[in-house]
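Please have the picture open while I talk.

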Amino acid sequence: MIDEPVRFSTRIALVLRDDLLPWQAVNVAAFLASGVAVQHDLLGEPYVDAEGAEYLPMFGQPVLVLQGDGETLQGVRAKAMVRQLRVAVYDRGMFSTGHDSANRDVVARAAGADLDLVGVGIHGAKNAVDRILKGVARHR
């Protein structure tokens with residue numbers, strides 16, 4: 001039996017700063033993905049191995065990971081907000097905090113356009129996300 005390609009009506013995308021250290025990039029991607037995952041209908045079923053051990057569910061659709069400079073990330077954030085998409089942000093100041101409350105304080109200190117973004121996660125209708133991401137490079 002041949003699996004037919006699945007077409008999703010929505011898209012999940014993470015856009016990371018192109019100048020992050022490797023540990024920073026994976027940290028930011030993990031945090032942004034956790035923000036997008038709050039919408040439970042994006043999660044698939046739990047995984048179960050051959051011995052019956054159960055593992056946590058993950059996204060039920062692919063996640064695009066792209067990259068850009070600060071201006072690109074701000075553009076993605078602004079366009080996604082205008083289109084009322086779900087948005088997760090990671091400000092550079094969050095690298096120096098140690099817990100969720102401090103991370104929220106970092107974001108609360110700046111207007112959206114003034115955030116020092118190192119990552120943006122978005123989820124929304126496929127066509128809207130694709131338009132927002134037009135010209136943004138895939139992460140290398």
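This is a predicted model: local features need pLDDT of at least 70, side-chain atom pairs count only at pLDDT 80 or more; totals for chains, interfaces and linings use all residues.

The side chains of Arg17 and Asp19 are joined by a polar contact of 2.9 Å, where a polar contact is a pair of N or O atoms within 3.5 Å, one able to donate a hydrogen and the other to accept it within protein, and where residues adjacent in sequence count only if both atoms are side-chain atoms. Residues are numbered from 1 along each chain as its sequence is written, and side-chain values use heavy atoms, with hydrogens and water left out.

Arg17 belongs to strand 1, residues 10-17; strands are DSSP runs of E with at least two residues, helices are runs of H or I with at least four, and both are numbered from the N terminus. Is Arg17 buried or exposed? Arg17 is buried, because its relative accessible area is 14%, and buried means under 20%, exposed over 50% and partly exposed in between, with a 1.4 Å probe and protein chains only. Not counting residues up to four places away in sequence, Arg17 touches several residues, among them Gly68, Arg92 and Asp116, contact meaning heavy atoms within 4.5 Å.

Let me turn to the nonpolar cores, which are sets of buried Ala, Val, Leu, Ile, Met, Phe, Trp, Tyr and Cys residues joined through side-chain atoms within 4.5 Å. The largest has 17 residues, and Ile122 is one of those that touch the most other members. Strand 1, strand 4 (63-68), helix 2 (70-82), strand 6 (117-125) and helix 4 (126-133) each give two or more residues to this core, and helix 4 provides the largest share, 4 residues. A second, separate core of 12 residues includes Leu16 and Val118.

Finally, the linings of the two largest pockets can be compared by looking at their residues. Phe31, Tyr90 and Arg104 are among the residues that line the largest pocket, and helix 1 (22-36), strand 5 (86-91) and helix 3 (100-108) are the elements giving two or more residues to that lining. The second largest pocket is lined by residues including Phe8, Gln61 and Lys126, and strand 1 contributes the largest share of its lining, 3 residues. A pocket here, on a 1 Å grid over the protein atoms alone, is an open set of points where a 1.4 Å probe fits, with protein on both sides within 12 Å along at least five of seven lines, and lining residues have an atom within 4 Å of a point.
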